[in-house]
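This report covers a strand pairing, a helix packing and a residue beside them. The sequence and structure come first.

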Amino acid sequence: MQVHQILRAKPKTSIITVMPGVSVADAARLLAERRIGAVIVSRDGETPDGILSERDIVRDLGRRGAACLSEKVDALMTRNLISCAPTDTADSVLEKMTAGRFRHMPVMEDDKMIGIISIGDVVAARISELAMEKDALAGMIMGN
C-alpha cells in the first residue's frame, strides 16, 4: 500500500497548521479541540517549518513547568522534519517513524505539503491490507 492510498482513505480535512509565532498554549488548545496529536508549523500553509506534537509540549512542561505555555511554538517545535512522498510504501513510512521515534509525518509532493499521516493511519491501512490478503488466501484454499 502506498501513502497516496492512505491519504485517500482519510476524511477530507485541510492540513492543520499554525504560524511560528503562535503561543504553545494556543497550539495545545488547537490540538485538544481538533483531537489531533501534532500540528504542522508553517508560515504559508504549504511548506512545513517544523512540527509540534503533544509529546513536545509535555516534555517541556515536565522540564520547565507551565512557563513554556507562553513560549512561541517555534521555540519547541521539531525543525528537522522527515517527510514522505505519495508513492512511498506504508512499510517504509512505518520504518522511518519507528527508527525516528515519531508518530506524524508530512506528505510532500513537488516541495508542497499535500497531507499528513500518523502512525495510526498507517497501522490501520496495513491491518486492512492484511485482512484482504487473508480473505483472498482463504478463498483460494476453499476454492472460491
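## Ser 118

In which strand is the place of Ser 118? Ser 118 belongs to strand β5 (residues 112–118); strands are DSSP E runs of at least two residues and helices H or I runs of at least four, numbered from the N terminus. The model is predicted: local features need pLDDT of at least 70, side-chain atom pairs count only at pLDDT 80 or more, and totals for chains, interfaces and linings use all residues. Residues are numbered from 1 along each chain as its sequence is written, and side-chain values use heavy atoms, with hydrogens and water left out.

Ser 118 counts as buried because its relative accessibility is 17% (buried is under 20% relative accessible area, exposed over 50%, partly exposed in between; 1.4 Å probe, protein chains only). Beyond its neighbours within four places in sequence, Ser 118 contacts Met 97, Arg 103 and His 104 (contact: heavy atoms within 4.5 Å).

## Strands β4 and β5

In β5, 5 of the 7 residues are buried. Strand β4 (residues 104–109) runs antiparallel to β5, joined by 6 bridges (pairing takes at least two DSSP bridges). Met 105 lies opposite Ile 117 of β5. The two strands form a hairpin with 2 residues between them, and Asp 110 in the turn has a positive phi of about 50°.

## Helices α5 and α6

Helix α5 (residues 90–100) packs against helix α6 (residues 119–142) at about 140°, with the axes 10 Å apart. Met 97 is among the α5 residues that meet α6, and Ile 119 is among those of α6.

Definitions and conventions:
Axes fitted to C-alpha atoms, helices over the stretch in contact; angles between N-to-C directions.
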